[in-house]
Amino acid sequence: MPVLDTDEIRKILPHRYPMLLVDKILELDETHIVGIKNVTSNEPFFNGHFPDFPVMPGVLIIEAMAQTAGVQVLSTIPDRGSKLVLLASVEEAKFRKPVRPGDQLVITMTLIKRKASLAKMSGVAKVDGEVVAEATCMCEIGRAHV
């Protein structure tokens, strides 16, 4: 059973189609989160990204990891409705295997350090138990301007 479904994630993250890249959250606590991204052949990026051998772009895998981290960070903030979590940096990104239509990304992010408006998290994305990507992300918590 998910801890958060898509509707609950949309209450936390401002992202919408086609940029909402987290479908559900399976685990969530003060320092750890596990999210799911179901990769389907209907994803808009597959039309032009190697159409004969569709592969999820690495930058979107990193974005899915950052959004998962954003859910964890925002879930710890009481007034999260007025906040955004922005990706500030990506370090040590590695891509191990291609992610294809039909795959399910299981994204695990773990808090390394939290200081004021910054959160540093390390993460790994897996498909069928095999690591497909890993990275360390720095997220900045900022005020949402409407």
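Helices and strands here are DSSP runs, numbered from the N terminus. The model is predicted.

D128 falls in the loop that joins β5 (118–127) to β6. Its phi is near 50°, a positive value in a residue other than glycine. D128 counts as exposed, because its relative accessibility is 73% and the cut-off for exposed is over 50%.

E92 also has a positive phi, of about 55°, and is not a glycine. This residue belongs to strand β3 (residues 83–95). E92 is exposed, at 57% relative accessible area. For context, most residues other than glycine have a negative phi, and most peptide bonds are trans.

The peptide bond from Y17 to P18 is cis. Its omega is near 5°. P18 sits in the loop between α1 and β1 (24–28).

## The largest pocket

The largest pocket has a volume of about 220 Å³. Two elements give two or more residues each to its lining: α1 (6–12) and β2 (32–38).

In total, 15 residues line the largest pocket. Y17, L20, D23, K37 and E43 lie nearest its centre.

T136 lies in strand β6 (residues 130–143). Is T136 buried or exposed? T136 is buried, because its relative accessible area is 10% and buried means under 20%.

Which residues does T136 touch, leaving out those up to four places away in sequence? The contacts are S89, V90, E91, I112, K120, M121 and S122. Among them, S89, V90 and E91 fall within the span of strand β3, residues 83–95. K120, M121 and S122 fall within the span of β5, 118–127.

## Aromatic rings

How many aromatic pairs does the model hold? The count comes to one aromatic pair. In general, a pair of aromatic rings is described by the distance of the centres and the angle of the planes.

A charged side chain also meets a ring. R100 lies over the face of F53. The distance from the ring centre is 3.8 Å.

Note on methods. Residues numbered from 1 in each chain as written. Predicted model: local features only at pLDDT ≥ 70, side-chain atom pairs only at ≥ 80, totals over all residues. Heavy atoms only, no water. Phe/Tyr/Trp six-rings, centres within 6.5 Å; stacked < 30°, edge-to-face > 60°. Lys NZ or Arg CZ within 6 Å of the ring centre and 35° of its normal. 1 Å grid on protein atoms, 1.4 Å probe; cavity = no way out; pocket = protein on both sides within 12 Å on 5 of 7 lines; lining within 4 Å. Points joined across faces, edges and corners; volume = space filled by probe spheres on them. Helix = DSSP H or I, 4+ residues; strand = E, 2+ residues; numbered from the N terminus. Buried < 20%, exposed > 50% of the residue type's maximum accessible area, 1.4 Å probe, protein only. Contact = heavy atoms within 4.5 Å.
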